[in-house]
Amino acid sequence: MSRELLIIVAPLIGSMIAGLFGRYIGKVMARNVTILGMTVSAVLAIIVFMEIAVGDAPEIRQEIFSWIVAGDFKVHFGILIDRITATMLIVVSGISTLIHIYSIGYMEEDPHQARFFSYLSFFTFAMLMLVTGDNFLQLFFGWEGVGLASYLLIGFWYQKESACNAAMKAFLVNRVGDFGFALGIFAIYMIFGTLDYAEVFQMAGTAQYPKTIDFIIFGASDTITVITLLLFIGAMGKSAQFLLHTWLPDAMEGPTPVSALIHAATMVTAGVFMVCRTSPLFELSETSLTVVTLVGATTALFAATVGLVQNDIKRVIAYSTCSQLGYMFFAAGVSAYSAAMFHLMTHAFFKALLFLSAGAVIHAMHHEQDMRKMGGLWKKIPITYAVMMIGTLALTGFPYLAGFFSKDAILEAAYASHTSVGMFAWVMGMTAAVLTSFYSFRLVFMTFHGKPRDQHAYDHAKEAPWSIRFPLLVLAFGAIFAGMLGAPMVHGDWFKEAIVLAPGHDAMANAHHVAMWVKWLPFGAFLIGVALAWVLYIKVTTLPKILAETYVGIYKFLLNAWYFDKLYDKLFVRPAKAIGMGFWQTGDVTIIDGYGVNGIVATCGRIAQWFKGIQTGYVYHYAFAMIIGLLVLVTVYS
Amino acid sequence: MLSLVTFLPLAGVLAIIIAARNNANTARYIALIVSLATFVLSLRLLFNFDTSTAAFQFMEESTWLPAFGITYRMGVDGISLPFVLLTTFLTPLCILASWESVQKMVKEYMIAFLALESFVIGVFCALDFILFYILWEAMLIPMFLLIGVWGGPNRVYAALKFFLYTLAGSVLMLIAIIVLKNTGGTFSIPDLMNAPLDFNLQVWLFLGFFISFAVKVPMWPFHTWLPDAHVEAPTGGSVILAGILLKMGAYGFLRFSIPMLPDASRYFVPLIFGLSLVGIVYTALVALMQKDLKKLIAYSSVSHMGFVTIGLFSFNQQGLEGGILQMINHGIVAGGLFLLVGVIYDRMHTREIAKFGGVVNVMPVYAVIFMLFTMAAVGLPGTNGFVGEFLILLGAFLANKAVAVVASTGLVLGAAYMLWLYKKVFFGIIHSEEVQALKDMNKRELAIFAPLIILIFWIGFYPGPFLEIMHTSVEQLLTQSHTIKAGTNAVAMY
């Protein structure tokens, strides 16, 4: 087994052992096994990253075994590790390992730990399959695999109705995205006759494909636009982008380590990864890039507005994730893929940190997630407070922390793209940056500052055990330094051939030469946000309530996340149920069975009744019929 | 060899009649041993099967009724062999599943089951139309009895509905067969594949066969017998019904409609696609509203079979192979789901979804296995369902994009009803004492599922050997489907 394969398989082995034999080997053994698997994977991932990304080793390509062969259709399982994948590998394996360790403490009292660790490791396996695949079908394999893991983990506390519903919702909304994604894959096969990245990109790069495709009601459309837009629908589902975002906030029903790993650091970034991976295709369609930019920019602002008013600590961070993913997408949309990948990486660190610190707060507060019941906690849990502050500063773009480099790179690239959508994205991104700073500090102020609002919980709050603190410290280190260390990513073509740019798509190159005010404006946004949060949540604490009561419409609108859930319920869920009921009761029972099947039976019955009536048994009836018959025959033939 | 596989179960019937007398256990063991022996024998077919040729293999011929041109002719190719294996594979599992749940007239039950197996294998092997027709009809009788005698409370209605529905379809097929004999001059199936046929005649023949096969598949709107039959049938009956009997309709399309009536088959593609699409969406939505476990899975079967018919009529390698593979997959997965329902029905004696809830707390192993089958049913990559569904949709996309788009909505709807079912039955807290008292699966039950689970992953990760069996035959079928049998002037009609 090659080293690269072991990176992927080690978590699977851990998962299988913990899942299948968890009840025999006990929970301690189960979690040790999964952590061992993860550690092996992470160490190897770091070695590979060092060789490929820090050193200058060539990309790795391996074919493992052939998967599906039907006619000309051939797909195998394979491994492709270039600099994009290598970056993803350390993010996935590294953060997953930390979160496994964190879960030792966080899930300590849970009786189903073996199951939990098994799922976590299974998730990591699927995610690694996703990022290391060398063809679109393997990408899809991982894509759906992480969807299953996400479903299982959101619904981990299956006794809770809300958790089960959230899990279902996540799976189904993702399926809507996958529906588009699958069609995209079909279209790729139809056009290129293969699903192998290298072959597809090679043909796309040399324009060896039919320029137009007849796509149903859209008629003759640009081939690449159709393909990339279909793929992007998948990305919208997985990365919770505007319109398909509704599952992500609900996914917070899952245990907090899950939120950190799956719904912040790794799985939700799969869409961004996919767009960057398929840059050779996206680059060929201005339409698709525009769509990506618009959706990303809209999400960035939309989610930030909703995040302003949420009271559940995890929901705030969830909307923040949604918003940050929007940044990554519009970066990709303006062809600044390297900035998108860079932000993906830094975001993974500080967002995991934020979630895990929020988890530490929740842990300290005995599973209380409502920020309105917190306050003044910094005295009780100073370490958590410190790391949470680091995470917040990194997210909001405080100079020289992680987000400062990556988010600014995105905004500068959007500004430097010199296109109208690029400018739109820049304006949206800049506005969202103010909001980000505001809601992040609102969270910190509500949780850690001011007076305790629930004295009992406050009195019992205590710092988390080492297993929780250790990952927090490591991630805090990452949140501080990931930006500085990763900065070379956005210079030159660090990603080598993995990212292809069309001629003229030079937003990233120009980004380094934007005016000074553009570079420092995000910091201004940061300051405005902090100031506002300070005024509302520290200085004049009565003000938020007054504002909410004055602008009750806007407040409700934001609190209910623009009423998307209600809208979708009215638009899809209820009609589907009503139609299903109608088809069943009216279609099947009344029409097909009633008039059709049983109708025919009844008609036969009636006819039989009638014939039965003729057969009276009286001789003179029959004699009469014979005479009539005879007369008819004689008349006809005479 | 083929005859041995086909009639070994009938020999088992005799053995039960002679040996079992009134001893239920003897009947059970004889049935199990005979069905296992049949399975082992059928594996020999597999190992001796030559995948490089599309010709019929293990051919057997002997004159039977020469005056009417009727011959006893058997043989299998890469299209029928998978179904023979599926039948011999599922039957022992059904017998095991009926071990304790069937308590009345055990002997007769086992007799009916073995007879059913024999006739079904015969249907897939028969290469003479009359032989085929006789077995096709004969198989109705044991199935009718299985539903009517060992079924649920409304069994008589369901059994009659099943019987008359399918019989009505078969009558038209009989007429079509006789017309074919009169034009082609033979009842031999391989010979008729090459016989030239007028386009108009092909159209009429196609319709004759179509009704019969559409009822069996079942295609919308001929599907209403299925939910009733499933709900009332005993577990074993449901498994065979979903796993094998439904496949006979699609097999009919593959064996007769497409190769013998290629022009008409191409002509009717819009009809098939249309009905299949309506079927996929309509029954998926209906499944969403079901309150009975078995009924939900029955409707999901109709939806899944819609995918199969789309695949078959895509007329490309991916669609056809996907369609055939998906039939096998459906046999494994829907069969497995019915077996799973049987497991809980044996304990609770209800199939009403609302009566459950929180089952995972008391039956964790059962819950895991059910989840596995659920995922295979919704076509998650890594399970067999994905490979079949993906190939079908790929084939459909190559044939007609709109069809692929509409069919793909089945992916979302399928996930919706299956996950809803899972949530209602397994998740939540226990709210009834009956659920609290449930015991997890025993060793016998686990033994039933082990082979099914292996197949789910095997086909999911390495479908090569399974697709290999059918490659050559499908290629030939593809050539046949593109043949113009009716002459050039008729082709101008469409």
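# Exercises on a predicted two-chain model

Among contacts in chain A between residues at least 6 apart in sequence, 79% join residues at least 24 apart, where contact means heavy atoms within 4.5 Å. This is a predicted model, in which local features need pLDDT of at least 70 and side-chain atom pairs count only at pLDDT 80 or more, while totals for chains, interfaces and linings use all residues. Residues are numbered from 1 along each chain as its sequence is written, chains are lettered from A and ligands numbered from 1 in the order in which they are written, and side-chain values use heavy atoms, with hydrogens and water left out.

## Exercise 1: chain A as a whole

Describe the make-up, extent and surface of chain A.

*Solution.* Begin with secondary structure: chain A has 25 helices and four strands, these being DSSP runs numbered from the N terminus (helices H or I, at least four residues; strands E, at least two). Next, take the extent, for which the C-alpha atoms fill a box of roughly 115 × 65 × 60 Å along the principal axes. Then turn to burial: of the 638 residues of chain A, 60% count as buried, where buried means under 20% relative accessible area, exposed over 50%, and partly exposed in between (1.4 Å probe, protein chains only). Finally, the accessible surface of chain A comes to about 24300 Å², and 70% of that belongs to carbon and sulfur atoms; such areas come from the Shrake-Rupley method with a 1.4 Å probe, and for residues only the protein chains shown count as cover.

## Exercise 2: an enclosed helix and a surface patch

Decide whether helix 10 of chain A is enclosed or open, and then find which residues make the nonpolar surface patch.

*Solution.* In helix 10 (residues 270-277) of chain A, eight of the eight residues are buried, so this helix is largely enclosed by the rest of the structure. Among the buried residues are Phe273(A), Met274(A) and Arg277(A).

For the patch, list its members: Tyr400(A), Phe477(A), Phe481(A), Met484(A), Leu485(A), Met516(A) and Trp520(A) make a nonpolar surface of about 780 Å². The elements giving two or more residues to this patch are helix 19 (466-486) and helix 21 (516-539) of chain A, and helix 19 provides the largest share, four residues. Patches are made of residues with over 30% relative accessible area and no salt bridge, like charges being joined within 9 Å and nonpolar side chains (Val, Leu, Ile, Met, Phe, Trp, Tyr) within 5 Å. As a check on one member, Met484(A) lies in helix 19 of chain A and is partly exposed, with a relative accessible area of 38%.

## Exercise 3: the interface of chains A and B

Work out how many residues of each chain are in contact and which elements supply the side of chain A that touches chain B.

*Solution.* Count first: 53 residues of chain A are in contact with 62 residues of chain B. The area buried between the chains is about 5000 Å², of which carbon and sulfur atoms give 75%; buried area is the accessible area (1.4 Å probe) that two parts lose on being put together, summed over both.

## Exercise 4: backbone geometry

Identify which peptide bonds of chain B are cis, and where Ser335(A) and Trp562(A) are found.

*Solution.* Most residues other than glycine have a negative phi, and most peptide bonds are trans. In chain B, a cis peptide bond joins Val217(B) and Pro218(B), with omega about -15°, and the bond from Trp220(B) to Pro221(B) is also cis, with omega near 0°. Pro218(B) is in the loop between helix 9 (199-216) and helix 10 (225-232) of chain B, and Pro221(B) is placed in the loop between helix 9 and helix 10 of chain B.

In chain A, Ser335(A) has a positive phi near 70°; Ser335(A) is in the loop between helix 13 (313-333) and helix 14 (337-364) and is buried, at 3% relative accessible area. Trp562(A), with a positive phi near 65°, is in the loop between helix 23 (552-559) and helix 24 of chain A and counts as partly exposed at 28% relative accessibility.

Terms used
A salt bridge is a side-chain nitrogen of Lys or Arg within 4 Å of a carboxyl oxygen of Asp or Glu.
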